[in-house]
Amino acid sequence: MKGFAVKKAPHPILLLLLSLLFHLGFSHKRLSRDTAPCKRFVLYYHDVMFNGTNTANATAATTANATALGDYNFGMLAVFDDPMTRDQNLLSPPVARAQGFYFYDMKTAYNSCETRDLSVLGGTGDFFMARGVATFRTEVVEGGGYFRLQMDVKLYECY
C-alpha cells in the first residue's frame, strides 16, 4: 500500500524512563527559602591541643609533623576527641563529642566573622534522614593551644 507510513511504537525502556522522570519531578517535596527549620540548635565545639604537659585536659594531638615548607605548620595532622557543649564554657557537661582529624593549612590570622557551611544529610535516632545546614563560626582562638567554634544547626527535613 502506497501512501501509508508505518509508525513504530516507542521503545519500552524509553517509556519507562520518561514515566520515572515524570513521577520523580512531581513527587519530590520542594522547599522554599521562606521555610522555617523544623529543628534548630546551637552547640559549641572546644579543641584543646596537647602541648606535652596538659595530658589531663588535652582533647587533640598532632600525629604528623609539619612539612619543611616554612614556619606555617602546613601539613600537620591532628586527631581529636572534642567535647561539644550547649554553652560557651569549656567546663560545661558535654552533650556530644566530635571525633576525627584535620590538617593544618598555612593560615596564621583568623577572622571570627568567618563562617563555613556544611550540609547535614542523614543521622541516627531523632536525626534519622534529617537534612539541613550546619554553620560553623570561629569564636575564640588562643594561639595553637585552644579554639572554640559555634555550630548553628538548622534542619529543614525532620522525620
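User: Why is Cys38 called partly exposed?

Analyst: Cys38 has a relative accessibility of 41%, and with a 1.4 Å probe, counting protein chains only, buried means under 20% relative accessible area, exposed over 50%, and partly exposed in between; Cys38 therefore counts as partly exposed. This is a predicted model, in which local features need pLDDT of at least 70 and side-chain atom pairs count only at pLDDT 80 or more, while totals for chains, interfaces and linings use all residues. Residues are numbered from 1 along each chain as its sequence is written, and side-chain values use heavy atoms, with hydrogens and water left out.

User: What makes Cys38 and Cys158 a disulfide?

Analyst: The S to S distance between Cys38 and Cys158 is 1.9 Å, and a disulfide is a pair of cysteine sulfur atoms within 2.5 Å, so the pair qualifies. The structure holds 1 disulfide.

User: Is Thr135 buried or exposed, and how do you know?

Analyst: Thr135 has a relative accessible area of 18%, so this residue counts as buried. Thr135 belongs to strand 6 (residues 131–142).

User: What makes the link between Thr135 and Asp117 a polar contact?

Analyst: The side chains of Thr135 and Asp117 are joined at 2.7 Å, and a polar contact is a pair of N or O atoms within 3.5 Å, where, within protein, one must be able to donate a hydrogen and the other to accept it, and residues adjacent in sequence count only if both atoms are side-chain atoms.

User: Which residues touch the most other members of the largest nonpolar core?

Analyst: Among its 19 residues, these are Tyr45, Met49, Phe80, Met84, Tyr102 and Tyr104; a nonpolar core is a set of buried Ala, Val, Leu, Ile, Met, Phe, Trp, Tyr and Cys residues joined through side-chain atoms within 4.5 Å. Strand 7 gives the most to this core, with 4 residues. Leaving out residues up to four places away in sequence, Met49 touches residues including Ala58, Ala78, Tyr102 and Tyr104.

Technical notes:
Helices (H or I, at least four residues) and strands (E, at least two) are DSSP runs, numbered from the N terminus. Contact means heavy atoms within 4.5 Å.
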